[in-house]
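Please consult the sequence and the model while reading.

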Amino acid sequence: MKIVDRYLISQFLKPLAATGTIFTILVFVGRYFDRMGIFNNFHAHVRDIIVYLVLSLPYWLNTIFPVVTLLALMFSLGPLQQRGEITAMRSAGISSVRLYAPFLAMGVLISLISLVGGLIFIPSISSKANVIYRHNIKQQEIFNNRRDHIIAAGRNHQRFTIGSLDTKTGTMKDIVIDQFDDQMHLVNTLSSQQGQYKDDQWTFSRGSFIQFDTNGHYQEEHFQEKVLNIHEKPEDLVYEDRKPDDMTHGEIRRRIRQLHELGIPAFREEVALHLQVALPFANVVVILLGIPFALGSLHKGNVQTIAYAFGATFLYWGIASIFQSYGEQGFLPGWVAAWAPNCIFGTLAVWMLQRTTKI
């Protein structure tokens with residue numbers, strides 16, 4: 001790494017740390033006042049409040065960090081331009097693209113950290129925060145052990161229709177289990193009044209088992225007790241209504257597969273799956289957008305330049321929200337809804353950079 005790279009990166013990291021700290025405090029205080037009424041109504045303990053707010057921080061900071069990145073760029077590159085250091089570096093033969101490279105590298109690094117966190121760590125931390133909020137603060141049950149009227153898809157092309165299920169006791173009643181082949185032809189059907197999960201297996205009582213052949217004929221067997229080879233545990237048959245924000249990338253993929261097997265649209269989950277990858281790269285987009293504004297601060301002044309940059313960034317978030325809404329309603333494919341804003345504003349930023357370089 002050359003001296004100029006170290007210098008530019010150090011000029012970027014100082015405001016990044018300062019703005020990051022300020023936004024962390026703002027998010028913490030803002031979340032506290034937003035939930036203060038609930039904390040008071042439920043007489044929440046101070047320890048639970050602090051733990052909840054701390055665990056909520058990563059999700060919110062990951063969401064708003066592009067604004068932090070933009071401010072850090074404006075407070076580092078802008079003064080360099082005003083003091084004439086950028087002009088001096090260009091006069092020394094350093095190209096404009098070479099000057100931008102350290103800032104773009106930092107944007108890519110921040111995006112990669114945000115990407116890994118958003119795919120793996122942040123959803124589980126956010127989920128723990130919500131558990132503390134529901135159980136410790138609002139004193140609600142974390143999970144509802146009893147569910148009624150369940151339709152669930154299992155492995156090996158099985159379809160479950162269950163009248164009631166108690167995941168705590170491993171008991172279900174009024175069960176119909178349909179088994180299909182790879183071409184989704186019905187192979188067999190089990191109907192039972194009750195099923196019990198014990199020792200890693202399901203035992204069904206008082207029912208019938210119908211086996212179908214390729215010619216459409218069937219054989220029916222009535223039983224008092226029958227063990228059926230089923231991979232699913234009681235909790236696997238419950239569709240847990242979790243927000244995609246609280247799910248890792250792999251969990252969202254499994255949710256989408258389950259919904260498709262049930263024939264239920266998964267527009268919201270498909271958009272969330274692609275957004276987990278697309279949103280972190282907003283940090284690169286805002287740096288590409290911010291460089292032309294920062295370089296123009298010499299003529300327009302800091303306040304006006306930062307206002308323009310903020311306006312462009314919030315326009316980006318507004319358009320991203322519109323695309324997300326259309327994707328969740330099924331009007332756009334999930335990958336289009338997630339990546340279109342990055343492509344649009346990335347192209348705009350590159351065009352602005354070319355104009356700035358020519359000047």
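## Basis of the description

Two strands are taken to pair if DSSP finds at least two bridges between them. Helices (H or I, at least four residues) and strands (E, at least two) are DSSP runs, numbered from the N terminus.

The model is predicted: local features need pLDDT of at least 70, side-chain atom pairs count only at pLDDT 80 or more, and totals for chains, interfaces and linings use all residues. Residues are numbered from 1 along each chain as its sequence is written, and side-chain values use heavy atoms, with hydrogens and water left out.

## Strands and hairpins

Strand β2 (residues 158-166) runs antiparallel to β3, and eight bridges join the two. Within this pair, S164 stands opposite K173 in β3. The hairpin of β2 and β3 has four residues between the strands, and G170 in the turn has a positive phi of about 70°.

Strand β3 (residues 171-180) is in turn joined to strand β4 (residues 186-198) by nine bridges, again in an antiparallel arrangement. Here I177 lies opposite L190 in β4. Five residues separate the strands of this hairpin, and M184 takes a positive phi near 60°. Seven of the ten residues of β3 are buried, so this strand is largely enclosed by the rest of the structure. Buried means under 20% relative accessible area, exposed over 50%, and partly exposed in between (1.4 Å probe, protein chains only).

Ten bridges connect β4 with strand β5 (residues 201-212), and these two also run antiparallel. Y197 has W202 in β5 as its bridge partner. The hairpin of β4 and β5 has two residues between the strands, and D199 takes a positive phi near 55°.

## Nonpolar cores

A nonpolar core is a set of buried Ala, Val, Leu, Ile, Met, Phe, Trp, Tyr and Cys residues joined through side-chain atoms within 4.5 Å. The largest has 41 residues, of which F12, L73, M74, L77, F103 and I291 touch the most other members. Elements giving two or more residues to this core include α1 (3-41), α2 (46-82), α4 (96-137) and α7 (282-295). The greatest contribution, eleven residues, comes from α7.

A second, separate core has 18 residues, including I162, Y197, F209 and I230.

## Packing of α1 and α2

The axes of α1 and α2 come within 6 Å and cross at roughly 145°. Axes are lines fitted to C-alpha atoms, for helices over the stretch in contact, and angles run from 0 to 180 degrees between N-to-C directions.
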